[in-house]
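Trainee: Could you take me through this model feature by feature, giving the general idea before the particular case?

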Amino acid sequence: MKKRIINVRVVPNAKKNEIIQQADCLKIKVTAPPVEGKANEILIEVLAEHFNVKKSAIRIIKGERSRNKMVMIEET
């Protein structure tokens, strides 16, 4: 099992969910608001679809309450 750690910048309340590649991180726009973990839930869904893994394979390891996050993805 391969573990990948990526830095992401989350932009909540966007018009649509999308991923934008930047030099130092992935910028991920999500439609959900940043309350009660809603934006984090959508973030995990978007990343799971993008990397073609289960949602359970993705964990936010740093920045749970921040726009800048460190995410671990376990790939098989």
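Predicted model: local features only at pLDDT ≥ 70, side-chain atom pairs only at ≥ 80, totals over all residues.

Trainee: How many bridges join strand S4 to strand S5?

Mentor: As a general idea, the strands of a sheet pair through backbone hydrogen bonds, and they do so either parallel or antiparallel. Here S4 (residues 58–62) and S5 (residues 68–75) run antiparallel and are joined by 4 bridges, and within this pairing Arg59 has Met72 in S5 as its bridge partner.

Trainee: In what order do the strands of the open sheet lie?

Mentor: The open sheet is formed by 5 strands in the order S2-S3-S1-S5-S4, with mixed pairing. Its edge strands are S2 (18–21) and S4, each of which pairs on one side only, and from one strand to the next the twist averages 35 degrees.

Trainee: Which strand does S1 run antiparallel to, with 8 bridges between them?

Mentor: That strand is S5, which 8 bridges join to S1 (residues 2–11) in an antiparallel arrangement; along this pairing, Arg4 stands opposite Ile73 in S5. When you inspect such a strand, remember that in a regular strand the side chains alternate between the two faces of the sheet.

Trainee: Where does helix H1 lie, and at what angle does H1 run to S4?

Mentor: Helix H1 (residues 38–51) lies across S1, S2, S3 (26–29), S4 and S5, and runs at about 125 degrees to S4. From its first C-alpha to its last, this helix of 14 residues reaches 20 Å, close to the 20 Å expected at 1.5 Å a residue. H1 is followed by Asn52, whose phi is positive, near 55 degrees.

Trainee: Which residues of H1 are buried, and what do they pack against?

Mentor: The general idea is that an α-helix has 3.6 residues a turn, so residues three or four places apart point the same way. In H1 the buried residues are Ala39, Asn40, Ile42, Leu43, Ile44, Val46, Leu47, Ala48 and Phe51, and the buried residues of this helix pack against S1, S2, S3, S4 and S5.

Trainee: Why does Asn40 count as buried?

Mentor: The term buried applies under 20% relative accessible area, and Asn40 counts as buried because its relative accessibility is 10%.

Conventions: Residues numbered from 1 in each chain as written. Heavy atoms only, no water. Pairing = 2+ DSSP bridges. Helix = DSSP H or I, 4+ residues; strand = E, 2+ residues; numbered from the N terminus. Axes fitted to C-alpha atoms, helices over the stretch in contact; angles between N-to-C directions. Contact = heavy atoms within 4.5 Å. Expected span 1.5 Å × (residues − 1). Buried < 20%, exposed > 50% of the residue type's maximum accessible area, 1.4 Å probe, protein only.
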